[in-house]
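I opened the notebook to look up a few things in one protein chain. The entries follow in the order I made them.

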Amino acid sequence: MKLRAASIVIPLLLFTLTPAFAIDTPRIVPRIQEIQKPVGEVFHTLKKYFTDASLSHFALVSADEGTHTLVAKQTALDDLTWRTWAFCETGPVEMIYKLQDGTVAVTVKLSRTTAHSTLATVSADFQGRYALGGYQNTVACKSKFVLEDQILAAAGAAPTK
């Protein structure tokens with residue numbers, strides 16, 4: 001009988017204690033895709049994308065041609081764009097707050113895989129500013145990967161399935 005009780009108690013302890021040791025998934029998860037173009041061409045395409053207002057609403061923060069890294073930022077995201085691109089996990093009190101402003105900082109790192117192929121890594125860091133009356137709270141939010149896929153498509157990546 002002791003063996004039977006132990007065989008029930010041990011799994012119950014494991015199932016109840018395991019969530020206490022669970023590791024949270026990272027908030028910023030990059031999208032990675034191969035683009036069938038040379039790294040220099042992809043770099044210049046994305047640099048134009050981040051600086052041309054007719055292509056995007058981003059402001060280019062930096063473009064390092066030596067490391068093939070671009071950083072761009074967009075502020076004052078409207079509510080519809082925000083809901084398409086990101087979501088914020090908030091506590092019950094913050095759920096009644098209204099989104100006042102959203103910002104996103106995008107980092108694109110390019111690596112040459114072959115002479116005519118580039119590996120592109122796109123990461124998006126979303127910050128939402130919520131307010132209720134005079135109180136404001138900035139929340140780090142998670143991506144829905146729509147923005148990253150749009151940037152990869154602008155760079156020339158094949159559509160994902």
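Which residues have the most contacts inside the largest nonpolar core? I noted first that this is a predicted model, where local features need pLDDT of at least 70, side-chain atom pairs count only at pLDDT 80 or more, and totals for chains, interfaces and linings use all residues. Residues are numbered from 1 along each chain as its sequence is written, and side-chain values use heavy atoms, with hydrogens and water left out.

**Core.** I found Phe-50 and Val-106 to be the answer, in a core of 33 residues. A nonpolar core is a set of buried Ala, Val, Leu, Ile, Met, Phe, Trp, Tyr and Cys residues joined through side-chain atoms within 4.5 Å. Buried means under 20% relative accessible area, with a 1.4 Å probe and protein chains only. Helix 2 gives the most to this core, with six residues. I listed what Val-106 touches beyond four places in sequence, including Phe-50, Leu-70 and Ile-151; contact means heavy atoms within 4.5 Å.

**Chain.** I read four helices and seven strands; these are DSSP runs (helices H or I, at least four residues; strands E, at least two), numbered from the N terminus. Of the 161 residues, 29% count as buried.

**Asp-101.** I placed Asp-101 in strand 5, residues 98-114. Asp-101 is buried but has no salt bridge, and the nearest side chain of opposite charge, Arg-129, is 4.1 Å away. A salt bridge needs a side-chain nitrogen of Lys or Arg within 4 Å of a carboxyl oxygen of Asp or Glu. The Asp-101 side chain does reach the backbone nitrogen of Ala-76, at 3.0 Å.

Definitions and conventions
Buried means under 20% relative accessible area, exposed over 50%, partly exposed in between (1.4 Å probe, protein chains only). Lys and Arg count as positive and Asp and Glu as negative; His and the chain ends are not counted. A polar contact is a pair of N or O atoms within 3.5 Å; within protein, one must be able to donate a hydrogen and the other to accept it, and residues adjacent in sequence count only if both atoms are side-chain atoms.
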